[in-house]
Each structure stands twice: as C-alpha cells, then as structure tokens.
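Good morning, and thank you for coming. I shall present one structure today, and I ask that you keep it in view while I speak.

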Amino acid sequence: ATQELREAYKNPEVYLLLCNIICRSGNAQVNFNIFNAFYCNISFDLSQIRQYAAILLRRKVLKKKPWLKLPENLRQRYERGPSMVLRIKVIKQMILQRLVSDDDKLVRTSIAALAGTVTKHELPNGTWPEIMQFVHEYVKSLDPSARELAMFTMNALASSASVQLKKHFIFLFNLFALTLQEPENKMVIVYTIRFKFLRRTMTQLAYLISDEEKVVVQNLIPRCTIVMREFLMGNEAFACEMLDFFNELVESEVSVILPHVKQIVELCLEVAASPHLQEHTQLKAIDFISWLSRLKKRAILKHKLVVPILTTLFSIMCRPVDELDTIAEDNADEMADLLSAEDNTPGTYAAQVIDVMALHFPPEKLMPPLLELVEPALQSDNPYVKKAAYVAIAVTSEGCAEYIRSKYLHVLLQSVCKGMTDSNPVVRNAALFMLGQFSEYLQPDVSKYASELLPLLFEYLVQICQYLQKNEKQPPGGVVRMFYAIEMFCENMGKIKTSLRFGTNSKVDILIFSRQGILPYLPTLMERLTLILTVAKSVSIRELAISVIGAAASAAKEELLPYFQQIINHLKIFLTVDQPPENFPLQVQAIDALAVLARTIGIKNFLPLCEECLQLGLNLIVVATDPDLKRSIYGLFAALSFVLKEDLSGYLSKIIPHMINSLNSSEGVETRYKGGNALRSFELEDELQEDEDEVVSQGDDDEDEGDDDDDDDVSGYTVENAYQNEKEDACEAMREISQYTKEGFMPFLKQCIREVTGFLDYPAGSIRKVSIETLGQFCCSLHEVSVRKNSFEGIEALQNYLDVLLPRFVEIILEDLERETVIGALETITDMTKILKSTLFESGHFDIVLKATFDVMNGKTACQDIDDLDDEGGEFEAEYDAMLIEFAGDLISSLALAIAPEKYNPIFEKFFTIMSSKLKKNKTISERSFAIGVLAQSCENMSDGVLPFVPRLLPIFLTTVRDEHEEVRANAIFGLGVLAEHGKASLYEYPYKKQYPTILQVLSAALARETCRKPTDNICGAVARLIMANVNGIPMEQVFPVMIKCLPLKEDFEENKTIFRCFFFLLNMHHPQITKHFPEIFRVSSHILINKQ
C-alpha cells in the first residue's frame, strides 16, 4: 500500500483526487483506482482519511515552484469529468468552501493550514484576493461563530505567510484591537491570543514593523492585561496563553511592552503569588519576571519594581512544601543543585529569579531590600521561612560577590554556622547550600574562616561514617548538601586572587594556590573520605565522596601525593570497560577524578599511569553511548594531553573523530511540532515529501528563494542537557588538546575549525562561548607551529581563518544577548593578541575590533540594556556588567602589543580618559582596582611608548597608592614600578629629576603603614624595577636591605620574576650590595624553590 500510494502521489491528477477526498461526506463511497490500495489497507475512518488528504495536498503544494508550475486550469479550474462524483471548480474555491461547511474540526484545521501555504504563494502576486475578502466579510459578521471562523482562518494563514501579509499589518493590528473586545464568543479572543502572525511578527519579523505599526501593537497591551484577568477567573488555560505571548515579546521585542511594563509586572506578581492558581500558571508569570530582569533591568528600576518583585518572590520561597517534598528535602538526595532549571516549582524558580537579578542588577539596588526581608526571616520559628532566607542570600553570592565580601560576609557566615547546627534538617540543608555557594564565589575571603567552618563540616562526615559502619541503610539527612559544601570549600580553599592587572571580579585574575590552606585539614578529610569509599554501599554516597576527592586534589595538588596510590586503588574498581549498570555513575565520577589528578598531582607522578589511562579511554570511547560517559572520557583525554604534550599526537587519529561525531550528533535533540505530534503519526508523509523533493531538485537546480516551508510544521527544538554538555566538553577537550599537542593536532585542524565554527550560532550561550575560545586556541596553535616551522602555508591558512573568525567574534560582541558569551569573545581576542601580536591584524579587521571594544566600554552592545531610560540606578551597575567592561579594558590594553606606538597612542588617549573617571572615590572597589590595574598593565604593554603619558600617569599612581583598599593600592604600586621601568630617563632627568626621590618616599611611607601582604609584595617589585631603571639614582645602602627584609614574597609570587631579574642585574654589574646580602638571597631562593613559588 505504501508503494502504491507513493506512485499515486506522483500522478498529475493527485491534486484533483485529493481535493475530491477532502470533500467526501460521511457516507460517500471512494472509487478512485489509484487510491484503492490505500483505502483497503489503512484502518483509519473517513475523517482521518480526509484529514490525511488535506495534509498530503498541503505537502504537495508546500514548495513554491511546483505550485507555480501547475497549469493555470489545474490551479484554477477542474471541470467535472465523466468519472467524478463531485464537481470541483477550483482548488482555492474548495478551500474556502470547506472552511465554512466542514464540521469536522481536525479536517478543518488541516484545510486551514493548506490555505496558509497557498496564501504564501498567491498573495504576493495578488492572485487570490478572495481569501482576504473572506476574512474581511466574516470578521464583521453578526454571527459570533462566523467571527470565530475568521480569526481561526487568519491565524492559519499567518502561520505560513507572515512576511507576505506585510502590507496588511495595520489592518490586522486594528483587527486585533477589535477582536480583543469580543463580547460573546471567547474563542475569538483566544484565537487572537494564539495568533501566530502577531507573535511571529513581534518576534522573528520585528525588523519589518514601522514605528507607526509598533504604536498600534503597543496600544493592544492594556487590553491584553484586562483579558488575562478575565480569563484567570474563568479559564486559566487561556490566561496561560496570554502569559506565553508576553514572554515571547519580552524575549524578542521587549520594546513593545516597555510603555506598559509596570502594569504587566504587577499582574504577573499577582499571578505568581496566588496559591489558588496552578503551578504551571505561576511559573509562566515568574518566567516573565526572569526574562525582563535579564533584558530590561533599567525599566524595573525606573518603575521602582525591585521591592515588590523581591517581596513576592521571597513570599513564594517561604511556602511550606507538602509531606512528600519534606521527606525528600530532609534526605536532600534530589537537591544536588537548587539552581537546576529542570522540574521547577514556584519556590525553586523564585530563587532562580533572585539569582538572575543578582547577576543583572546593581547590588546597591538589590541587596538592601533583600536583606530587609532576610534579617527577620532568620529569626523566624518557621523552618521554611528560615530556609528561604538562607537560599535567597546564597543565590546572590555570584552576582553580588564583591558587595557581600566587603559589607556582610562576617555576619552572614555567623548565620551559616548557626543554621548548620539547627535542629531542623530543612534549615540545615539550606545553610549548607549557602556555605557551598559562598565557598564557590566568595574566595579567598571565605577560606579565612576555615577554622570555624570545617570542623562543622567534618562533624557531618563523622556522622555519615558512623551511620555507614552501623550498616544503616539511610545516611543522615542533608548528605548531598553537605558534600556540596565540602566540595566547594575544598576546591576553592587557599585560592588567593591577585588583581595586579584587573579588577576583583575579573576571571583573568591570577589564582595562586596556597596549599597551606588545606594542608592542616587534609589528613582528617582523606581519612574519612577513604573510609566512606570502603564501607559505603550506597552508589550516590560513594559518587559524592569521589567528587570531593577531586576537589581536594584541585586545592592540595602535589601535597596529595601521600594519598595518591590509595585513591587510585579505590578508583580502579570502576575503571574497567565492563561495569554493572548500577556502577555507571561511579565510573563517570572516577574518570572525572582521574582527570583532575592528572592535572594536579604533578606530571612526573602521573606519567607512569598515562599509558594505562589512555588505553582505558580508547577502549571505553568505542563502546560508550551515554553522553555523560563520553563527556568524562573527553575530559580524561584533555588531561592526558596536559601530561603527555606532543607524545599524545600518535593517538589523535583514534580520539578526534569521536569528538567530531559528538559535535555532529543529533542524539538528544527533540523536534517540537505545531499542534503536538499528531501529524507525525502519518509517517508516510515525510517519505512522500522526500520523493517530491527529489523530483523538484532534478527538474530545477535553483533553490526556492526565501522558501523556508520545510519547517512550517516545526515550532522548535530542545536538546537534553546531557547531550549539550557532551558537545561542550568535546569542544573544550579539542581546545586543550590543540594547545598541548601543537604540531600533532595540525592534520585535524581544518576539519575541527569547520565543525566548531558551526557552533557559533548554537542556541546555548555556554556552547557559543566555548566554541569561540576553542577557535581562538586553534588559531594560536597554528600560529605557534607555523612560526616554529617557518611555514608560509601555515601563516596563509591562519590569515584565511582570521578573515572569517574575527568578524564573527565582533558580531557576537555587538549582538549576542549573553554577557558570558561576549566576555568569552573579548577574552579570546585578548589572548590571541598576546600570542599573535601584529599577525592578528595583518589582513585587517583592527578597526572593527577596536570599535566593538569601545562600544562595550560605553555600554552600547545588545547585552548591556542600552535603552536610554531616566532611571535612578544609572550611577550603579551590576557586578557582571562591570566585569564585561573589565574584559573590554583588558583587550584595549593588549592592543599595544599588536600595533605600533604611534597608532596606539590616540587609542590610549581615549582609553585613559575613560579609566580616569573610574578612579573617583565614589566608584566601587572593583572599578577602582580595575581602572588602576589596567592602566598599569597598559604601561607594561606599551613599553617605551608610555613616555608621552608619564606626566599624566605618574600623579594618578602616586595618589592611588594611598587608597583605602589593599587591592587598589597593590595595583597602583605595581603601576608605579612599571612606569618607572619603562619611563626610564623621563623620571630622573630634567625636568622630572626629582621624581625618583618622590617615588621612593611614597613607597617608603606605604611600606611603613602597610599591614597587608599583597601591597608589600608589590612594593618590593616596584623597588626592583626602580633599581633596574636607574640604580645610580637609588640610595642602595638604605633601600636594598629593606627590600631583602621583606622577602620572601607572601602572596604575589608573580613578582618573584621581577625580584630575581633585579638580582641578576646587580650580579652582572658586581654591585657590592648583592655580595653583602648573598646569605639572605640564598635563603629566599631556597624558600621559593622548596615551596614552588
């Protein structure tokens, strides 16, 4: 039957025959020979057959060219033949007739979709005026059912022909204003809300709308809110459709709703707070608040909506959960990540929105009103109110990190300690979650409280060990949160962030691991973790324990060596190809831990295991089907590249193809169809369309211009998180492998660049970001190999890649809505500048990179909420917005490495003005630290080119040395030393010959009053630079002994390079001070070597 139907589909008379079938009545007989097999072999009733016929006909005319190639008489007129039971005059007439007369809803829906496709082909040529006349006539009818039919039909037309209806925009928008007032038939309003044309026009086709038309649409919004209130009282499902419409607008064309944003927000808050509405409805209302907070925070600030939003969200978070949720939360096994977007409840989604607000709002506008809610809640007797308080503060720790660190960290950690000892497990779990978040985002400050916090966490470990040794089936409540807190604390413990170049939020800060931070606690921690791995039977507990071991390895590094063999013995149990299904999570976690150990335990220590690990990975990747397992294997290969470097090259032919397959895989991708999956039940439809496409392609090589009908039935796609993570980690692994294998990666470079470039437009921002970073590293690796081999072909290939990639990166900087993605593009170009230098811009693109970077500095990109609103929050900015500007500043600073001084000086002139404005006392610590740090880094990058700017830079550095915050002081001192090093004679010859004594006096005074180690370390570095620049201008007998007494450095170990350059400088000139203080220098050298500083 399938084959016969396929042949029938190729028959020229199929149009007429399908029309005839559509028009069959319930008791009519079917006599067409070419469809006999179809009717005999398919058990559908006649209604289903007629619906299927309409679908087949629509697919037959879906392509524009086949439709237009039909003879005019076939498209317009079919006279009755001798064998026809029914006279069919016109296909288009049939459509109009059946829309009115057909009483089968499914058939009529399919006919309406057919009408939309035909309209798309006919409307531009004006060859089907009857369809719009039909809508005009019926929408004005006194019969409510006729008005419903008009909107139903118009909805179907616009789903396929939005662009073609452009000249009817004003009519249609005014039509909506009328139909939203429908007094009798609520379905007229429903079809207006569902109107795909309205939604698609305001989302995908916003560029087609004139200002006049936009005003008409804006005027519809108040009526929409009234309709939504009416539906909430009688039909919640229809109210949800209105919320969907608002959410689509705020995601894509938010300017339409801005004049009415206060009204919509207040309505959404009412919906979200109503306990009588379904959770599904509440979530949609909260979703609108979330999107608006991401995209238009200034509108929220302008209308003073922060307080009512926070009040509503917090009240939702305070709701008690039902009995089953209480049990689950007590055990907390399903709560590994409160911020997961899956399986949201109003309470968890409310917490996520506060997290979003923390990332996008100025802390000065968000934290005070939030703390007013939190402080009394912490004193409440209601455990769910306390829980809400802990969670609300926890989720702000990423976006408001500096604000919390500088103002509230001590008091909040006291509250954490109190919560961790609370008698109620709900409160304890929330406090543990807050500690985990603080440990992840508020380092190094949180580590200073290790002596108070770790004993509490270790006590939890003791309880777990006791339970397990008693063969208890269930561990104490809150085990997941406890392990999360320990993992985050250990992983980040001892990280010292030194911001000599950049601000406190910048992710390119140098991270120095103070292994002493975790060492005192390492024996106790490892003893209890290994005991848990030995006695625990629970897969989840062992999985969590292995994860914490990986975190401890990240902090302890080679100091973990005494426990290394014991850890490997535990991991080996799960590091085989054949594992029982229940051990699968342990296998994935063990491979992840192995990768961490490879990076941290020391190359020499891990090298003997490399061959075994490599074979394990190669054997597993061949049989692996699970995305989590493949992701972990890719991470192991990347870690092995760090250890083996180019020795991994011989295995890449067995590794890279799997990663490319993961990138190209469509596993986990689900296609969503309009109207659900009902149409997919007719599987033959797709087969027939493939045949039709083949016939069309054979008949005409030209593609249909602008013909995108292939996806007319598709409403969207979703990708499971696990498969998305697989793609992301595959991309990241390729980046790292290219970085370490260098020449060995070159045979795969072309294909990898082609595949990864395709992900620059991927919907998930995290994948776009890692794609940018990977492509940047590919270019850097190609450059290094080409320079090493003196390869003209390599350099030429690099320029070809740069011609494509740099404009794409600039486009992302200007247009991407995700700040993290834009940051990734800025950071990647910066890294490429530092490695490629002038090569980066040999083929052009410098001007567009520069302009885009200054656009970021001036807040003019898509991710920066650029509407000119007169809001009270204008003097403040979110910490992540400040971070975006910091990365732009770093890029502008690095450009000095790529272009000649005479070209860079005008750029620095403009940059200097912007940075100077950020050094005012009313600016935040982060802004001041970044501004003075990036000026200092610019001096270093400019080298001798800094000379013209010495008169303006020197006073700034001298003044900022007295700043109240240690990071700002440290950066200013660093800048002072760099300026002296590169300014050279301009600082000690006429007319500035008195500047050296001034600088020394300022540094001496700073050293005398300094209590923090970081600025002290930078004073040593600055003095070393002064000595190398003009040793004769330094009273060495007084200055050098003081510098020696300040050694060894305690925090900023990067300055050890400067110190020892100074020692070599003095040694080469046989300076008496170097000989006099040789014992002290030997002691300092030994300390640095032993402690690997």
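I begin with a definition: patches are made of residues with over 30% relative accessible area and no salt bridge, where like charges are joined within 9 Å and nonpolar side chains (Val, Leu, Ile, Met, Phe, Trp, Tyr) within 5 Å. Accessible areas come from the Shrake-Rupley method with a 1.4 Å probe, and for residues only the protein chains shown count as cover. A salt bridge is a side-chain nitrogen of Lys or Arg within 4 Å of a carboxyl oxygen of Asp or Glu. With these terms in hand, V577, V622 and V623 make a nonpolar surface patch of about 250 Å².

Two remarks on the source are in order. This is a predicted model, in which local features need pLDDT of at least 70 and side-chain atom pairs count only at pLDDT 80 or more, while totals for chains, interfaces and linings use all residues. Residues are numbered from 1 along each chain as its sequence is written, and side-chain values use heavy atoms, with hydrogens and water left out.

Let us turn to the overall picture. The secondary structure comes to 55 helices and four strands; helices (H or I, at least four residues) and strands (E, at least two) are DSSP runs, numbered from the N terminus. Of the 1093 residues in the protein, 59% are buried. Here buried means under 20% relative accessible area, exposed over 50%, and partly exposed in between (1.4 Å probe, protein chains only). The accessible surface comes to about 45,400 Å², and 52% of this belongs to carbon and sulfur atoms.

Next, the interior. In soluble globular proteins, nonpolar side chains tend to be buried together. A nonpolar core is a set of buried Ala, Val, Leu, Ile, Met, Phe, Trp, Tyr and Cys residues joined through side-chain atoms within 4.5 Å. Which residues have the most contacts inside the largest nonpolar core? They are F483 and F606, in a core of 360 residues. Helix α31 (residues 539-556) gives the most to this core, namely 11 residues.

Contact means heavy atoms within 4.5 Å. C613 counts as buried because its relative accessibility is 5%. Its contacts, again leaving aside neighbours within four places, are L594, F606, L636 and L640.

We now come to charged pairs. Side chains of opposite charge can pair when their charged atoms come close. The structure holds 33 salt bridges. In one of them, the side chains of R788 and E646 meet at 3.3 Å, N to O. R788 lies in helix α41 (residues 765-789) and E646 in the loop between α36 (627-644) and α37 (652-664), so the pair ties together parts that are 142 residues apart in sequence. R788 is partly exposed, with a relative accessible area of 49%, and E646 is partly exposed at 36%.

Are R928 and D963 buried or exposed? Both are buried. Their side chains form a salt bridge of 2.9 Å, N to O. R928 lies in helix α47 (residues 925-942) and D963 in the loop between α48 (950-960) and α49 (966-983), so this pair ties together parts that are 35 residues apart in sequence. A further pair, E811 and R808, has its closest N and O atoms 3.5 Å apart. Both residues lie in helix α42 (residues 792-815), three residues apart, about one turn of the helix. There is also a network of salt bridges that links E940, E981, R1025, E1055 and R1061.

Finally, some details of the backbone. A cis peptide bond joins Q443 and P444, with omega about 5 degrees, and P444 lies in the loop between α27 (425-441) and α28 (450-469). Another cis peptide bond joins L1047 and P1048, with omega about 0 degrees. K304 is not a glycine, yet it has a positive phi of about 55 degrees. K304 is exposed, with a relative accessible area of 56%. N790, in the loop between α41 and α42, is not a glycine either and has a positive phi of about 55 degrees. N790 counts as exposed because its relative accessible area is 71%.
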